[in-house]
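Open the model in your viewer and keep the selection tool at hand. The tour moves from one selection to the next.

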Amino acid sequence: MKKIMLIFGVMLFVALQSNAQKRNYSNSSVGNYNTAIGVRVNPWSIGFTAKHFIAGPHAIEGIVSHQFAGYDNANVTITGLYEYHWNVFGKKEWNMFAGGGLHGGAYKTDYWDNGRRKDGDTKGVFGLDAIWGVEYTFKNIPLTLQGDLKPYVNFTGGHDYYGEQIFGASARFTF
């Protein structure tokens, strides 16, 4: 827990220091930041996320997440996404986005035998992701909040928690 708090503290410090410089967004049609790092959560997983605008409304996002289900599971997934953003509500702070990408990772299978949980094998997972959501970027503080739907299809590995993992929320420091 101390390591996690240290990482978040360093991320906050870097975000605040880089936000101290004046940003020029006159060439951007959406949003008011270039890069943001933070956390993405839903009831069954937590992960680190980073988003970077590569040109105008085009952004790339990376997510490294850990899935948990109430007991020790060695599950980790790395996701890479392309996103297209557009303004909504007539305000530069509000954006909607849609896109897609790929994910890969590993998970440990557990199974039940005569009422006892047994450890299984570690397996690989690979598949396609889609994403659609809305994002709000604050004007005076280096923070953006996002709510999204991120359905996915696995080509290899398991498909547990498919329905529960679709919804997510992110909070990121912008710079």
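Start with E135. Leaving out residues up to four places away in sequence, E135 touches Y33, K51, H85, E93, W94, N95, F97, T144, L145, Q146 and R172; contact means heavy atoms within 4.5 Å.

Before going further, note that this is a predicted model: local features need pLDDT of at least 70, side-chain atom pairs count only at pLDDT 80 or more, and totals for chains, interfaces and linings use all residues. Residues are numbered from 1 along each chain as its sequence is written, and side-chain values use heavy atoms, with hydrogens and water left out.

**Stay on E135**

E135 sits in strand β6. Strands are DSSP runs (E, at least two residues), numbered from the N terminus. Is E135 buried or exposed? E135 is buried, at a relative accessible area of 0%. Buried means under 20%, exposed over 50%, and partly exposed in between (1.4 Å probe, protein chains only).

Now show side chains. The E135 side chain makes a polar contact of 2.9 Å with the side chain of Y33. Another, of 3.3 Å, joins the side chains of E135 and K51. A polar contact is a pair of N or O atoms within 3.5 Å; within protein, one must be able to donate a hydrogen and the other to accept it, and residues adjacent in sequence count only if both atoms are side-chain atoms.

**Follow the charges**

Side chains of opposite charge can pair when their charged atoms come close. How many salt bridges does a search of the whole structure find? The search finds seven, each a side-chain nitrogen of Lys or Arg within 4 Å of a carboxyl oxygen of Asp or Glu.

Select E135 with K51. They form a salt bridge, with the closest N and O atoms 3.3 Å apart. E135 is in β6 and K51 in β2, so the pair ties together parts 84 residues apart in sequence. Both E135 and K51 are buried.

The side chains of R172 and E135 meet in a salt bridge of 3.5 Å, N to O. This pair links β9, which holds R172, to β6, which holds E135, across 37 residues. R172 is buried, as is E135. Salt bridges with shared partners join K51, E61, E83, E135 and R172 into one network.

Next, select E93 and K139. Their side chains form a salt bridge of 3.4 Å, N to O. E93 lies in strand β5 (residues 91-113) and K139 in the loop between β6 and β7 (143-149), 46 residues apart. E93 is buried at 11% relative accessible area, whereas K139 is exposed at 59%.

**Switch to the strands**

Show β1 (residues 35-42) and β2 (residues 45-55). They run antiparallel and are joined by eight bridges; strands pair if DSSP finds at least two bridges between them. A two-residue hairpin connects β1 to β2. Pick A36: its bridge partner in β2 is K51.

β1 and β9 pair in the antiparallel sense over six bridges. Which residue in β9 is the bridge partner of R40? The partner is S170.

Still in β9, select G168. G168 is buried, with 12% relative accessible area. Its C-alpha atom is 5.9 Å from that of G147, 21 residues apart along the chain.

Note on methods. Helix = DSSP H or I, 4+ residues; strand = E, 2+ residues; numbered from the N terminus.
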